[in-house]
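Subject: Structure handover

Dear colleague,

Please find the structure below, handed over for your own work. After it I describe what was found, with the cut-offs stated as each term comes up.

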Amino acid sequence: MKKEYTIGEICKLYRIGQDSMRYYEKMGLITPKRRANGYRIYTIEEAWRLNIIKDLRKLNFSVKQIKAYLEDRSIQTTKELIAKEIDFIQEEIRLLVETEKNLKRRLDFLKSIEHMQTYEKLFIQRINDRKIIVIEEALSKDGEIDLALRKLQRQTNEKIFLFGNKNMGVSISAEGMKKGIYNLYQNVFFLVDDTDKNYDTLLPGGDYLILSYKGAYSKSQRFIEKMLAYIKENGYQRIGNPIEIYRIEIHQTAIEEEFITEIQIPITTK
C-alpha cells in the first residue's frame, strides 16, 4: 500500500474536490506535507482525519464543529457529538412532518375547488377570530403585493411558503373605499393556524358577506360594488373594509382564468 498520495489521488479516493481539500487545510483540519517542489503530499496518517471529516460533513456538522472534535476526541465528546446529531435529526423530522401535513392540506384544497359551485354567488357566513401575520404597507399593484409577501416570508424566518398557499390576502384601504377604488390596499397578511403562537393580530370574528370569483383581479372592482349594493339593499351595515384572500394565484398557476379570489366584507345583519 502506498504511504503517500498526491492531492489528485487523495481527492479521487475520497471523492472530494481539490478546492475542498485546500479549504480543510486552510481551516486546520488537515496538514499535508510538502515536497521540495511545493506539491502537497498526503500520508496515510491523514486518512483517519479525512474519514471523520467526510462522515461528519454528511451529517451536516460545520467545519468549526469538526475541527473542535478532531482536536478533542474522546468517548465523552463522541457521545456528545452523536447526541447533538440525534437532536438535529429529530427536529428535521418534526419539520418534515409539519411540511407534509401542510402540503397535503394544500393538495386537498386544490382538489376540492375542482367541484366548487359557488363562484360569483353571495352568501353570509359566520367566521371565528382568525390569527394573522401582517405587514402594514400602502399597495396598489400586483408586483408590490408580491414584494410585500416576500417581506412577510422573511419576517417569519421562511416558515411560510408562497407555493400552494391559499391563505394570503390584502385589506382594501379606507382611502380606496372613500374614492370607490378597490385596488388600493393598506396591508398584506397571511392567515395562520389557530394553534400558532406566533402571530401579529386577529381578523375579528363575526358575519361576513362572501363572494368568490375566478379570473383577473380587475374583476374585484365590479364584485365589491355588487356586494356593497347587496348590503345596502338588505338593510345590513358594513363594519369594516373588504379583504381579498387569494385562494389560487400566480404562485400556483400561470393561467389567469384559474385564479380564485375570495372577497369578504364584515357586516352586521341586525
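The face of helix α4 that is turned away from its buried side carries the exposed residues K64 and E71, where exposed means over 50% relative accessible area, buried under 20%, and partly exposed in between, with a 1.4 Å probe and protein chains only. Helices (H or I, at least four residues) and strands (E, at least two) are DSSP runs numbered from the N terminus. The buried residues of α4, which spans residues 63–71, are V63, I66, Y69 and L70. Seen down the axis of α4, these buried residues fall within an arc of 125°, so they line one face of the helix; the arc is that of the directions from the helix axis to the C-beta atoms. The cover over the buried residues of α4 includes α2 (18–26), α3 (47–58) and α5 (75–113), with contact taken as heavy atoms within 4.5 Å.

Before going further, please note that this is a predicted model, in which local features need pLDDT of at least 70 and side-chain atom pairs count only at pLDDT 80 or more, whereas totals for chains, interfaces and linings use all residues. Residues are numbered from 1 along each chain as its sequence is written, and side-chain values use heavy atoms, with hydrogens and water left out.

For the chain as a whole, there are eight helices and 12 strands, and 37% of the 270 residues count as buried. Among contacts between residues at least 6 apart in sequence, 68% join residues at least 24 apart.

Turning to the cores, a nonpolar core is a set of buried Ala, Val, Leu, Ile, Met, Phe, Trp, Tyr and Cys residues joined through side-chain atoms within 4.5 Å. The largest such core has 21 residues, of which I172, Y185, Y213, M227, I263 and I265 touch the most other members. At least two residues of this core are supplied by each of β5 (130–139), β6 (168–172), β7 (185–191), β9 (206–214), α8 (219–233) and β12 (260–268), and the largest share, four residues, comes from α8. Another core, of 20 residues, lies apart from this one and has Y5, I10, C11 and L81 among its members. As for Y213, if residues up to four places away in sequence are not counted, Y213 touches Y119, E120, K219, S220, F223, F259, I260, T261 and I263.

Next, the sheets, where two strands pair if DSSP finds at least two bridges between them. An open sheet is formed by three strands in the order β1-β3-β2, with antiparallel pairing, and its edge strands, each pairing on one side only, are β1 (4–6) and β2 (33–34). Between β2 and β3 (residues 40–43) the antiparallel pairing runs over two bridges, and K33 stands opposite I41 in β3. Helix α1 (residues 7–14) packs on this sheet, touching β1 and β3, and its direction makes about 90° with that of β1; the axes are lines fitted to C-alpha atoms, for helices over the stretch in contact, and angles run from 0 to 180 degrees between N-to-C directions.

Strand β5 is mostly covered, seven of its 10 residues being buried. Three bridges join β5 to the antiparallel strand β8 (residues 201–203), with K131 opposite L202 in β8, while β5 and β7 pair in the antiparallel sense over six bridges, where V134 has F189 in β7 as its bridge partner.

Finally, the aromatic pairs: rings of Phe, Tyr and Trp (its six-membered ring) pair if their centres lie within 6.5 Å, and planes under 30 degrees apart count as stacked, over 60 as edge-to-face and the rest as tilted. By this rule the count comes to five aromatic pairs. The rings of Y217 and F259 have centres 5.4 Å apart and planes at 25°, so this pair is stacked. It links distant parts of the chain, since Y217 sits in the loop between β9 and α8 and F259 in the loop between β11 (243–248) and β12, 42 residues apart. Both Y217 and F259 are buried. Y230 and Y236 form a tilted pair, with 6.3 Å centre to centre and 50° between the planes. Ring pairs also link Y217, Y246 and F259 into a cluster.

Best regards
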